[in-house]
Amino acid sequence: MARSNSFPAKLLVTVVALSGLAAGALAGDIAIYWGQNGNEGTLAQTCATGNYKFVNVAFLPTFGKGQKPVLNLAGHCNPATNGCTAVGADIKSCQRLGIKVLLSIGSGVGSYGLSSPADARTVAAYLWNNYLGGKSPSRPLGDAVLDGIDFDIESGGSMYWDVLARFLKDYSWRPGSKPVYLAAAPQCPFPDASLGTALRTRLFDYVWVQFYNNPPCQYSSSAGVGSLARAWAQWTSIPARRVFLGLPAAPQAAGSGFVPTSDLVSQVLPVVRNSTKYGGIMLWSRFYDGLTGYSDAVKSKV
């Protein structure tokens, strides 16, 4: 099986690259995750680099099933002492630069899940009132109104995420409300075990697929781009506005799946840019991107 995959993968890269040149390459953006390392600089500094169009503030890892929601911004601030409200000024600074700032809910190590449609409604109301356009005396990030919610659901079951998405999107239609953008970060094996149903709702604006820590569908210099290309074709068939290629910004940022910048430009981007739903790339995370300068190296090529 490995032998039969090698030649078609190389052929696919050549054919798609040529067709992309003929049709005109699609321009993409870069999304980044910020919030899980106190040494990555502030959110305002992150946005001031000019490298990113989307920033996911990570994470809200505790919510649902009757739990009190808890924000975790690692070494940046302590929400338990109301210490994260100053991040709100940074959010506004980013938004003035035309950058969309979303709250990422979930994570790989959180305590979260939804027990019923009513639970999903309760979580949606909490997110609206505490992070989006609603009102609450206990807004962890102050009075800043975030642009949307990112679903980084890696545990907590597969039930009711579609219901949560519907309730959140409904807030977009309230008089005087700005749009609530929905994003998701599924794993590259298709369909995603947690978010497969939710992603069929046609409600998600941005889907940054994690093409790392998943050897069967990620790129490797030895196996080539064939597995990634097949998974990418599946992901760009979903009813979402834009699909992004999610990558680690440094070798140590993930267990596997790091793509050197030279390989990204020469091998991977010619394949993924061929889709009309191509949105760009997502990087984990700002801390690692700061170490390697990954986005600096590729932003003009994305």
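Which residues in H6 meet which residues in H7? Select both helices to find out. Bear in mind that this is a predicted model.

**Stop 1: H6 and H7**

Select residues 226-235 for helix H6 and residues 261-272 for helix H7. On the H6 side, pick Leu228, Ala229 and Trp232. They meet Val268, Val271 and Val272 in H7. By class, the residues of this contact are six nonpolar, no polar and no charged.

Now look along the axes. They are 10 Å apart, and the helices pack at an angle of about 25 degrees. Angles under 35 degrees count as roughly parallel, and H6 and H7 are therefore roughly parallel to each other. The crossing of H6 past H7 is right-handed.

**Stop 2: Leu264 and the core**

Stay in this region of the sequence and select Leu264. Leu264 is among the residues with the most contacts inside the largest nonpolar core, which has 101 residues. Phe151, Trp161, Leu164, Trp208 and Leu245 are also in that group.

What does Leu264 touch, not counting residues up to four places away in sequence? Show Leu245, Leu247, Val259 and Leu269.

**Stop 3: Pro251**

Go to the loop between strand S10 (242-248) and H7, where Pro251 lies. Is Pro251 buried or partly exposed? Pro251 is partly exposed, at a relative accessible area of 47%. For a distance check, draw a line to the C-alpha atom of Asn78. The C-alpha atoms of the two residues are separated by 29 Å, and Pro251 and Asn78 are 173 residues apart along the chain.

**Stop 4: H4 and H5**

Select residues 117-131 for helix H4 and residues 161-170 for helix H5. Their axes come within 8 Å and cross at roughly 40 degrees. That makes H4 oblique to H5. H4 passes H5 in a right-handed crossing.

Show Pro117, Ala120, Arg121, Val123, Ala124 and Leu127 in H4. Leu164 is one you have already met, as a core residue.

**Stop 5: Tyr171**

Finish in the loop between H5 and strand S8 (181-184), the place of Tyr171. Tyr171 has a relative accessible area of 11%. Buried means under 20%, so Tyr171 is buried.

Leave aside its neighbours within four places in sequence. Tyr171 is then in contact with Ala124, Ala125, Trp128, Ser177 and Val180. Last, select Ile153. Tyr171 and Ile153 are 18 residues apart in sequence and 21 Å apart in space, C-alpha to C-alpha.

Methods. Residues are numbered from 1 along each chain as its sequence is written. This is a predicted model: local features need pLDDT of at least 70, side-chain atom pairs count only at pLDDT 80 or more; totals for chains, interfaces and linings use all residues. Side-chain values use heavy atoms; hydrogens and water are left out. Axes are lines fitted to C-alpha atoms, for helices over the stretch in contact, and angles run from 0 to 180 degrees between N-to-C directions. Helices (H or I, at least four residues) and strands (E, at least two) are DSSP runs, numbered from the N terminus. Angles under 35 degrees count as roughly parallel, over 145 as roughly antiparallel, 65 to 115 as roughly perpendicular and the rest as oblique. A crossing is left-handed if the near helix is turned anticlockwise from the far one by less than a right angle, and right-handed if clockwise. Contact means heavy atoms within 4.5 Å. Ala, Val, Leu, Ile, Met, Phe, Trp, Tyr, Cys and Pro count as nonpolar, Asp, Glu, Lys and Arg as charged, and the others, Gly among them, as polar. A nonpolar core is a set of buried Ala, Val, Leu, Ile, Met, Phe, Trp, Tyr and Cys residues joined through side-chain atoms within 4.5 Å. Buried means under 20% relative accessible area, exposed over 50%, partly exposed in between (1.4 Å probe, protein chains only).
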